[in-house]
Amino acid sequence: MAGLLALSRTIDRINEFIGRWVSWLILLAILVSAGNAVIRKAFDTSSNAWLELQWYLFGAAFMLAAAYTLKQNDHIRIDIVYGMFSRRVQHWIDLLGHLFFLMPFVLLMVIYFVPYVSLSFRSGEMSTNAGGLIVWPAKAILLVGFFLLALQGVSEIIKKIAIMRGDMDDPTPFVSAHEQAELEAKALVEEAKAIAGEVRS
């Protein structure tokens, strides 16, 4: 199990590094969008390449951060039923969900996208929009995103098994929406008290 946990930690580090850095692509997409809007208004000119670059950047940020989001346990989920079970049952739900839903889907996407990207690259596929960009980098981003998500799925499965065996602590203990709201309310109250204390002094 030690070797598998070492593999899991390596995958986590890779996806954490990528996830943190691709967040800058959102800022870059905003700057490209703002620059394009200013040029269009000021000089009455524009290009489909700039519009498509915005889409590429946003898509890259979304796809390449998906694995990091899974690592952080921040994907959208419905906790109404999940929160009713004990933590051990929740671990089983997560493990079976990763094994029978997440992994088949992401592996199918990786298998599907390899020839899809290869064909696009070899043909030099271009956008159908006038003045648009080459298409294969966008398709390659999809492939890389699903590959990273598959790797993170492996890491999560390893960690779930290790947690259930007692080989490691739970890195993301479950907090229901109600408990989260209470914690946030307490934090706000404490912050308000601290500000009030500073004002009085």
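Analyst: Leu 133 is found in the loop between α6 (87–123) and α7; helices here are DSSP runs (H or I, at least four residues), numbered from the N terminus. This is a predicted model, where local features need pLDDT of at least 70 and side-chain atom pairs count only at pLDDT 80 or more, while totals for chains, interfaces and linings use all residues. Residues are numbered from 1 along each chain as its sequence is written, and side-chain values use heavy atoms, with hydrogens and water left out.

Leu 133 counts as partly exposed because its relative accessibility is 24% (buried is under 20% relative accessible area, exposed over 50%, partly exposed in between, with a 1.4 Å probe and protein chains only). Setting aside neighbours within four places in sequence, Leu 133 is in contact with Ala 49, Glu 52, Leu 53, Tyr 56, Met 126 and Ser 127, contact meaning heavy atoms within 4.5 Å.

On to helix α7, which covers residues 136–165 and holds Lys 139. That lysine, Lys 139, has 11% relative accessibility, so it counts as buried. Not counting residues up to four places away in sequence, Lys 139 touches Phe 113, Tyr 116, Val 117, Ser 120 and Glu 125.

Terms used:
Helices (H or I, at least four residues) and strands (E, at least two) are DSSP runs, numbered from the N terminus.
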